[in-house]
There are 2 protein chains.
Amino acid sequence: MAGRVLAERRAGHDVVVVASAMAGETDRLLGLARQVCGDPNRREADVLAATGEQVTVALLSMAIQDLGGEAVSLLGHQVRVVTDGVHARAHIRRVEPDRILEVIGRGQVAVVAGFQGIDEVGNVTTLGRGGSDTSAVAVAAALGAQSCEIFTDVDGVYTADPGICKNARRIARISHEEMLELAGGGAKVLQFRSVEFAMRHGVRIHVRSSFDDGPGTWVVPESECSEQPMVSGVAIERNEAQVTLVGVPDRSGVAAEIFRPLAQAGIVVDMIVQNAATGGSTDLTFTVARADLGRAVSLVRGPAEVAGARRVQSDENIAKVSVAGLGMRSHAGVAQRMFELLAAESINLVMISTSEIKISCVVEASQGERAVRALHDGFGLGNPS
Amino acid sequence: MAGRVLAERRAGHDVVVVASAMAGETDRLLGLARQVCGDPNRREADVLAATGEQVTVALLSMAIQDLGGEAVSLLGHQVRVVTDGVHARAHIRRVEPDRILEVIGRGQVAVVAGFQGIDEVGNVTTLGRGGSDTSAVAVAAALGAQSCEIFTDVDGVYTADPGICKNARRIARISHEEMLELAGGGAKVLQFRSVEFAMRHGVRIHVRSSFDDGPGTWVVPESECSEQPMVSGVAIERNEAQVTLVGVPDRSGVAAEIFRPLAQAGIVVDMIVQNAATGGSTDLTFTVARADLGRAVSLVRGPAEVAGARRVQSDENIAKVSVAGLGMRSHAGVAQRMFELLAAESINLVMISTSEIKISCVVEASQGERAVRALHDGFGLGNPS
């Protein structure tokens, strides 16, 4: 990595590198925490986890210097990357560019610790899993960088998971909006929040392989996308579970009461579907991360009872399959085509949810991969075989 | 450790804990550095090494919370512990007490990262090996603490190394001055600079075992020492080497020229002995840490030649044996007694150096331990057998 950084520097570019922790390090650190206590305090877990990136920025800076370059590491409190105070999943409020500009102004490479920040009073915070992507985008935005290159273990964004669709194609250029829908749909190449941040600030992301010099995928503002395919890619998310409140009386304010405790507990609700009420009651179904299912069920049980729901049931055995594409805005019938393709495979749809440029269906877990292949082929996304 | 901290807190004391890294961690981190480069940049090595204490303050805070206490970790930049900018061996300029006072004012335990600080512009610095002792003393001084308890792997300061003198006695109370002379003489219980700092700021240190509740050793201002023994303890330092410039012309300014490059290179010179000049030339001998010997010899070779010295020779095969005691100030004859005791054992003295309350002799390495035993017994320091 030091060699690649120096090559860019020697090509005349100002370079700021954002480093994440070494593979497995964050887990190792949190493992130490579990050795000393059952439920690690979140503030202290952030102090602990932030050392992972502190180690890599120091090592990468040394490695750059060893190759004859000049580099200066910068930690969250030095940059400063200022976040809110929500430990373990902090949001970046601002990245102060002065110290970085000072370093690159001297011709040195700035090596910034990803994943970490400080809150307004100087407590160490972290951004959550994959947060280094977001750090990189935020730094790029603060500096008005030409682009933010994200080096990862795959060589780009694909029309579908190549492990599922043998003929999946690398996408050369995709809009932030589409990438966001695919990331939310389970395409794990980039952290969702990093794409969101990039879209809001117009940061051009170049997804590249850490291991070779391939062309990768550009994730860019919609204005730079001349092509607007109806469907750009298919994604599958297998880490969700669904909760259904059966027979909820149809009166106003019920949904607010049901979801308030989840929001307060910081549980992210993904899809929400409510059937049109018949006979004065309705079924309300939503999905959460599988890891949150137990808490979610126990949190909604009380309000569900108060609201008069007949029962609360849950199902972990689901997969969410999504297709996304800018062209959906102007082309009707994509949803209809999706339903037909799945029906032809006898795949039953448990939930359906649509946004402007994405359609997601929840299906039985065992049918997920088959659904992806049917959609990938049906929308003609693969390489010609 | 969390249990001991909480016991103090529950006894009604405000408690500030200074934590060092886990055993072996600093070496592990610097090993990582050597994997990426031959000569790690010192600024970055400090960023790297400082993670060791960041890990332990987080873990200790969690452990205290797990036992039902309240604790808040504070890193060097949060406290703030402000040092000069000399990486890897920074000196503390000041410890700002406000943030710690705020934490203990809320009844919480403040868990401060030892060994680390920041310079005036916010770069991470470290204090050098054993620096956490100095951090603890500096924090105690800034807060005006009743005492600074230093938990270590021995149960106190002894009249001599019990591994050398079977009948060595734990010292219940010793002055900063004596402790300083013994530490400089190779008694490794406390880091030299921590004792120096404690003496300057009147901090009472209580050296205690991490493993039991024994009485330990109090290191206190001289005014609190009613007893003033001629000799409080015997120490041996085996990690020095000596350099001799033979036949240095006897003119003013020579010593300054010889030692300037060593000072500039940050090499600490311990003993310096110059014989009275005979025939217009003299021999100049000094000792340095064994690890610095190679650099020291090559640094003085140039100025030695310029000064007209006949040759530069060195010897690693030495040990420095010291006796220290406040009583030396008022009792003549301690040095004479020391020389007699060593002569009775046929131990040859290579160098002699005296301070107000200490006498050090350099002897051949192989005779070092025998010298310690002779002095320990001769000055009656041991337990009555």
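The legends below describe several close-up views of a predicted model.

In this model, residues are numbered from 1 along each chain as its sequence is written, while chains are lettered from A and ligands numbered from 1 in the order in which they are written. Because the model is predicted, local features need pLDDT of at least 70 and side-chain atom pairs count only at pLDDT 80 or more, whereas totals for chains, interfaces and linings use all residues.

**View 1. Chain A as a whole.** Chain A holds 12 helices and 19 strands, where helices (H or I, at least four residues) and strands (E, at least two) are DSSP runs numbered from the N terminus. Its radius of gyration is 23 Å, close to the 21 Å that the globule rule gives for 385 residues, so chain A is as compact as a globular protein of that length; the radius is taken over C-alpha atoms, and the rule is 2.2 Å times the number of residues to the power 0.38. Along the principal axes, the C-alpha atoms of chain A fill a box of roughly 75 × 55 × 35 Å. Of the 385 residues of chain A, 48% count as buried, a residue being buried if 20 or more other C-beta atoms, placed from the backbone, lie within 10 Å of its own, exposed if 12 or fewer, and partly exposed in between.

**View 2. Helices α6 and α8 of chain A.** Helix α6(A) (residues 131-143) and helix α8(A) (residues 192-201) pack at an angle of about 15 degrees, with their axes 8 Å apart; axes are lines fitted to C-alpha atoms, for helices over the stretch in contact, and angles run from 0 to 180 degrees between N-to-C directions. That angle makes α6(A) roughly parallel to α8(A), since angles under 35 degrees count as roughly parallel, over 145 as roughly antiparallel, 65 to 115 as roughly perpendicular and the rest as oblique. The contact includes A:Val137 and A:Ala141 of α6(A) and A:Phe197 and A:His201 of α8(A), two residues being in contact if their C-beta atoms, placed from the backbone, lie within 7 Å.

**View 3. Helices α1 and α4 of chain B.** Here α1(B) (residues 2-10) and α4(B) pack at an angle of about 60 degrees, with their axes 9 Å apart, which makes α1(B) oblique to α4(B). The contact is made by B:Ala2, B:Val5 and B:Leu6 of α1(B) together with B:Leu60, B:Ala63 and B:Ile64 of α4(B).

**View 4. The side of chain B that touches chain A.** In this region, 26 residues of chain B are in contact with 26 residues of chain A. On the chain B side, α2 (25-36), α3 (42-49), α4 (51-66) and α5 (76-79) each supply at least two residues, and α4(B) gives the most, with 11 residues.

**View 5. Helix α9 of chain B.** The buried residues of α9(B) (residues 192-201) are B:Arg193, B:Ser194, B:Val195, B:Phe197, B:Ala198 and B:Met199. These buried residues pack against α7 (131-143), α8 (176-184), β10 (205-209) and β11 (217-220) of chain B. Just after α9(B), B:Gly202 takes a positive phi of about 65 degrees.

**View 6. The loop residue A:Asp153.** A:Asp153 lies in the loop between β8 (148-152) and β9 (173-175) of chain A, and A:Asp153 is exposed, with 9 other C-beta atoms within 10 Å. From C-alpha to C-alpha, A:Asp153 and A:Ser346 are 35 Å apart in space, and they are 193 residues apart in sequence.
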